[in-house]
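Visitor: I've got a model open and I'd like a quick tour of it. Can you walk me through it, one question at a time?

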Amino acid sequence: MSALVESEEHKSLRAAVAAFARTHPHIASPEDNRRLWQAAAKLGYIGVNLPEAYGGGGAGITELSLVLEELGAAGNPLLMMIVSPAICGTVIARFGTEEQKREWLPPLADGTRLMAFGITEPDAGSNSHRITTTARRDAATGDWVLTGRKVFVSGVDIADATLIVGRTEDARTGRLKPCLFIVPRDAPGFGRRPIDMELSAVERQFELTLDDVRLPADALVGDEDAGLLQLFAGLNPERVMTAAFGIGMGRYALGKALAYARERTVWKTPIGAHQAIAHPLAQAHIDLELARLMMQKAAHLYDAGDDVGAGEAANMAKYAAGEACVKAVDQAVHTLGGNGLTREYGLGRLITASRVARIAPVSREMILNYVSHQTLGLPKSY
């Protein structure tokens, strides 16, 4: 339990990020987003989890999730922190070749380059075993040739490359195995189309097509035979960081509601004095704090090298944070009444955004499946 009590170092980091985030106006455009990203990177926040030998901070997902939570709590979440340093940076740091580490980790850490991550497919959804993007070797050249489609890939237009989850065929069994490939944004045959989203976010979503994209042999990250181990080395941090994203958003909404409830007076009494207003806000705060504890547990287990324990905790943290975020945003909007839907207060846009923490990168239903099967030992229904 002591591992979940924040150290003085973590408290100082949290305070520093919170102070930094408050000095930046609300992100309203891609240019705002770029400036905030560069400013955060300059202070070492973007690459805090990456190895010191490659320009990072030498810390872990614990510290990176703390940074994202505080940015979100100030109303400035950086969605690509989930993708570029947490997923892609972690995978390359753990499994990449020395050449891949030298090429990618320093610019990912200092914010001069970004990397996107492509796993979801139109017909696969949460079932990663149905991924159909395939990679085959060209026997004559040793190159890899990738063919397939991906959807809901964040930030491809601002990323220098995309870490693509493809599948190679096992020569012995004929079964397909998941593998990871670095695909440069300008690779011939690599196409992208923006998806028209109702979501109000500066980072856009894309559908990708890979039409016989030819890559050199060294585009493969890690061991061709490692399979799911390498994939989940990126997916577990993604779940932890999504939890941080949701907790930060929930805290931001709750903060807006609390300020309003203290100041808004009806019948000579601030509305926050009424239990019908105060109790739901108190419940929202409790739910966010509980989600943060599970997030900290998951991050601690991952940083300690416990991939199995981290997988279970990361799923639970993502579930708890998603639920807490949606409830906090809903109660914040309700506290403000009609004002909660005005642009002036900036809460209405969070109604859609908060659901991202429930849906992505894995739905709450699939997390409940995971817990019921893997944790509780109940039989599968599928």
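Visitor: Which residues touch the most other members in the largest nonpolar core?

Guide: Ground rules before the answer: this is a predicted model, where local features need pLDDT of at least 70, side-chain atom pairs count only at pLDDT 80 or more, and totals for chains, interfaces and linings use all residues. Residues are numbered from 1 along each chain as its sequence is written, and side-chain values use heavy atoms, with hydrogens and water left out. A nonpolar core here is a set of buried Ala, Val, Leu, Ile, Met, Phe, Trp, Tyr and Cys residues joined through side-chain atoms within 4.5 Å, and buried means under 20% relative accessible area, exposed over 50%, partly exposed in between (1.4 Å probe, protein chains only). The largest such core has 89 residues, and those touching the most other members are Met 81, Met 115, Phe 117 and Leu 163.

Visitor: Which element gives the most to this core?

Guide: Elements are DSSP runs numbered from the N terminus: helices are H or I with at least four residues, strands are E with at least two. With 16 residues in the core, the top contributor is α6.

Visitor: What is Leu 163 in contact with, leaving aside its neighbours within four places in sequence?

Guide: Contact means heavy atoms within 4.5 Å. By that rule Leu 163 touches Cys 88, Val 91, Ala 116, Gly 118, Leu 180, Phe 181, Ile 182 and Val 221, among others.

Visitor: How many residues are in the second, separate core?

Guide: Its members include Ala 135, Cys 179, Phe 206 and Leu 215. The count for that second core is 20 residues.

Visitor: How many aromatic pairs does a search of the whole structure find?

Guide: Rings of Phe, Tyr and Trp (its six-membered ring) pair if their centres lie within 6.5 Å; planes under 30 degrees apart count as stacked, over 60 as edge-to-face and the rest as tilted. On that basis the search turns up 3.

Visitor: How far apart in sequence are the parts that Trp 144 and Phe 181 tie together?

Guide: The two rings are edge-to-face, 5.2 Å centre to centre with 65° between the planes. Both residues are buried. Trp 144 belongs to strand β3 (residues 144-154) and Phe 181 to strand β5 (residues 176-184), so the parts they tie together are separated in sequence by 37 residues.

Visitor: And in the pair of Tyr 260 and Tyr 345, which Tyr counts as partly exposed?

Guide: This pair is edge-to-face too, at 5.7 Å centre to centre and 85° between the planes. Tyr 260 lies in helix α6 (residues 228-263) and Tyr 345 in the loop between α8 (307-336) and α9 (348-353), so the pair links parts 85 residues apart in sequence. Tyr 260 is buried, its relative accessible area being 10%. At 24% relative accessibility, the partly exposed one is Tyr 345.

Visitor: Which residue lies over the face of Trp 104?

Guide: A charge sits over a ring if NZ of Lys or CZ of Arg is within 6 Å of the ring centre and within 35 degrees of the ring normal. At 3.9 Å from the ring centre, the residue over Trp 104 is Arg 113.

Visitor: What is the phi of Phe 152?

Guide: Phe 152 is in strand β3 and counts as partly exposed at 48% relative accessibility. Its phi is positive, although the residue is not glycine, with a value near 55°.

Visitor: Is Lys 268 buried or exposed?

Guide: Lys 268 is another non-glycine with positive phi, about 65°. Its place is the loop between β9 (265-266) and β10 (269-270). With 82% relative accessibility, Lys 268 is exposed.

Visitor: What radius of gyration does the chain have?

Guide: The chain holds 11 helices and 10 strands. The radius is taken over C-alpha atoms, and the globule rule is 2.2 Å times the number of residues to the power 0.38. For 382 residues, a compact globule would come out near 21 Å, and the chain agrees at 21 Å.
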